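Here's a quick briefing to read alongside the model. Have the viewer open and follow the topics in turn.

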Number of protein chains: 2
Amino acid sequence: MGSKERINRHKENIRCNILRAALAIGKGSGWNSVSMRKIADSIEYSPPAIYEYFNSKEALLQELARLGFLELSQRINQARNNSESDPKAQLLLMWAAYWDFAFAEQHLYQIMFGVETTCCDINEPRTDSQVPAALFSEVIGLLVGQVEKAGEIIQKYYYACWSFVHGLISINLIGSHVPQKISEQILTEAISGIIDTLIAPGNDLSKEPYIEEV
Amino acid sequence: MGSKERINRHKENIRCNILRAALAIGKGSGWNSVSMRKIADSIEYSPPAIYEYFNSKEALLQELARLGFLELSQRINQARNNSESDPKAQLLLMWAAYWDFAFAEQHLYQIMFGVETTCCDINEPRTDSQVPAALFSEVIGLLVGQVEKAGEIIQKYYYACWSFVHGLISINLIGSHVPQKISEQILTEAISGIIDTLIAPGNDLSKEPYIEEV
DNA sequence: CCTCCTACCTTTACACTGTTAATAAAGCTA
DNA sequence: TAGCTTTATTAACAGTGTAAAGGTAGGAGG
């Protein structure tokens with residue numbers, strides 16, 4: 001009864017080919033021109049055959065985005081493990097990894113965070129997309145220490161860094177002719193600056209208005 | 001021959017109706033479901049009639065985006081004029097105006113900066129979209145003063161602020177459940193922080209690597 | 001006043017799109 | 001071998017952007 005596994009392997013293979021084809025078309029001609037028929041053409045199947053593997057085009061693209069988050073998380077994790085144990089240095093390298101991913105996989109980044117794609121169905125858990133946040137938060141936690149309301153402080157600083165990095169990436173991807181070198185310089189300086197305000201002694205974070213209400 | 005003007009007025013009116021209809025549909029059901037036929041239905045014309053006024057659907061949406069940039073620029077300008085003449089206070093209010101616009105006109109903001117829409121044709125000048133940058137740069141220039149390489153410093157700080165604000169807005173629009181109050185707090189603190197590093201005495205900006213090469 | 005011409009608009013049509021229903025073929029199970 | 005399940009196909013539907021052809025009304029010139 002090994003045939004069952006062979007068939008499963010075969011199906012998995014087709015599924016993978018579909019994803020690969022979609023990604024290739026997206027990279028080559030933009031996500032707008034990705035169509036079920038073109039994918040079908042590419043894998044030499046009829047268009048409805050794809051629906052055996054994905055419920056809809058939207059689901060297919062979401063799966064691609066999910067794989068993107070997997071890869072992104074891996075890169076961030078790797079950046080952390082490859083560096084010394086100083087949390088600030090770790091954070092800088094992790095954000096650099098995020099940055100590098102966004103440009104190495106521009107098209108994946110677009111469906112992961114593109115306005116039109118992601119904002120629609122927030123019903124489902126989307127756990128994979130939350131892994132990066134967890135990774136960063138953990139390291140930020142090392143800097144914050146065991147203070148009161150640490151969770152909220154961590155969240156706040158994570159969002160601050162993420163906003164900055166994501167914004168800088170978006171602006172670069174849109175094509176606003178900022179030299180990449182300058183962007184990278186802005187990136188490291190800003191992240192470094194945010195972290196410094198975080199670990200500055202005497203910076204009583206608990207004085208923030210929204211935390212005040214105990 | 002005043003009829004010529006009446007006709008022109010009439011045409012301008014139809015053109016305006018088309019834009020209004022497109023915006024209404026976009027606001028109501030998302031930009032993906034905006035179609036020439038629905039617009040035509042809404043203004044009670046046949047679909048090809050729209051092509052008398054806009055060369056393509058893309059051009060129509062781009063015109064909407066252009067109007068968005070006009071409105072945005074107006075708001076930023078107003079924020080500056082309504083405030084005292086302290087450049088830092090001005091900048092904070094101007095970015096607040098940018099922020100408010102993004103949420104008051106979420107859908108406009110999406111076509112103005114949506115990944116898929118904007119990144120395609122950068123051939124044309126897109127002058128209207130560059131007005132905000134000019135407005136901010138002017139005020140940043142007041143803080144920088146008449147130092148060497150002022151232009152590059154201004155550009156750098158403008159991009160730093162813009163990235164941050166745009167990133168925070170994007171993340172909020174995507175729907176990542178950050179309480180808006182916290183976002184606004186992050187916003188003002190970060191912008192204020194960036195400006196402070198800018199006007200900090202002894203902060204020799206000309207020491208930056210990319211400026212060094214005289 | 002009549003003709004012509006131009007601008008505007010509609011109908012029709014084409015080549016696409018995502019997706020579904022009906023159908024055929026192939027392979028495993030009994 | 002008979003039947004059932006799985007997998008793929010063809011045909012079709014509703015919708016998309018857009019181009020070409022046709023008509024119709026209103027102003028211009030005789």
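Let's start inside chain A: in this predicted model, A:F69, A:L72, A:S73, A:I76, A:N77 and A:R80 of α3(A) meet A:V131, A:P132, A:L135 and A:V139 of α7(A). Sorted by class, that contact has 7 nonpolar, 2 polar and 1 charged residues. From there we'll go on to the chain as a whole, the contact between the chains, the DNA and a pair of loop residues.

**How α3 and α7 pack in chain A**
- Helix α3 covers residues 57–82 and helix α7 covers residues 131–144, and their axes sit 9 Å apart at an angle of about 20 degrees.
- Angles under 35 degrees count as roughly parallel, so α3(A) is roughly parallel to α7(A).
- As for handedness, α3(A) passes α7(A) in a left-handed crossing.

**Chain A overall**
- Out of its 214 residues, 32% count as buried.
- Take the contacts in chain A with a separation of 6 or more: 60% of them come from residues 24 or more positions apart.

**Where α8 of chain A meets α8 of chain B**
- Helix α8 spans residues 150–174 in chain A and residues 150–174 in chain B, and the two axes come within 7 Å, crossing at roughly 105 degrees.
- The range for roughly perpendicular is 65 to 115 degrees, and α8(A) and α8(B) are therefore roughly perpendicular to each other.
- On the chain A side, the contact is made by A:W162, A:S163, A:F164, A:H166, A:G167, A:L168, A:S170 and A:I171.
- On the chain B side, you'll find B:Y159, B:W162, B:S163, B:F164, B:H166, B:G167, B:L168, B:S170 and B:I171.
- By class, this contact of α8(A) with α8(B) splits into 9 nonpolar and 8 polar residues, with no charged ones.

**Around DNA strand C**
- There are 17 residues around DNA strand C, and A:S35, A:S56, A:K57, B:S46 and B:A49 come nearest.
- The largest share, 3 residues, comes from α2(A).
- The surface near DNA strand C divides into 7 nonpolar, 4 polar and 6 charged residues.

**Around DNA strand D**
- DNA strand D is surrounded by 20 residues, the closest being A:S46, B:S35, B:M36, B:S56 and B:K57.
- The elements giving two or more residues to the surface near DNA strand D are α1 (3–29) of chain A plus α2 (36–43) and α3 (57–82) of chain B.
- Class by class, the surface near DNA strand D holds 10 nonpolar, 4 polar and 6 charged residues.

**Two lysines with positive phi**
- A:K149 has a phi near 55 degrees, which is positive even though the residue is not a glycine.
- You'll find A:K149 in the loop between α7 and α8 of chain A.
- A:K149 has 16 C-beta neighbours inside 10 Å, so A:K149 counts as partly exposed.
- In chain B, B:K149 also isn't a glycine, and its phi is positive at about 55 degrees.
- B:K149 sits in the loop between α7 (131–144) and α8 of chain B.
- With 17 C-beta neighbours inside 10 Å, B:K149 counts as partly exposed.

How values were computed: Residues are numbered from 1 along each chain as its sequence is written. Chains are lettered from A and ligands numbered from 1 in the order in which they are written. This is a predicted model: local features need pLDDT of at least 70, side-chain atom pairs count only at pLDDT 80 or more; totals for chains, interfaces and linings use all residues. A residue is near a molecule or strand if its C-beta atom, placed from the backbone, lies within 6 Å of it. Helices (H or I, at least four residues) and strands (E, at least two) are DSSP runs, numbered from the N terminus. Ala, Val, Leu, Ile, Met, Phe, Trp, Tyr, Cys and Pro count as nonpolar, Asp, Glu, Lys and Arg as charged, and the others, Gly among them, as polar. A residue is buried if 20 or more other C-beta atoms lie within 10 Å of its own, exposed if 12 or fewer, and partly exposed in between; C-beta atoms are placed from the backbone. Two residues are in contact if their C-beta atoms, placed from the backbone, lie within 7 Å. Axes are lines fitted to C-alpha atoms, for helices over the stretch in contact, and angles run from 0 to 180 degrees between N-to-C directions. Angles under 35 degrees count as roughly parallel, over 145 as roughly antiparallel, 65 to 115 as roughly perpendicular and the rest as oblique. A crossing is left-handed if the near helix is turned anticlockwise from the far one by less than a right angle, and right-handed if clockwise.
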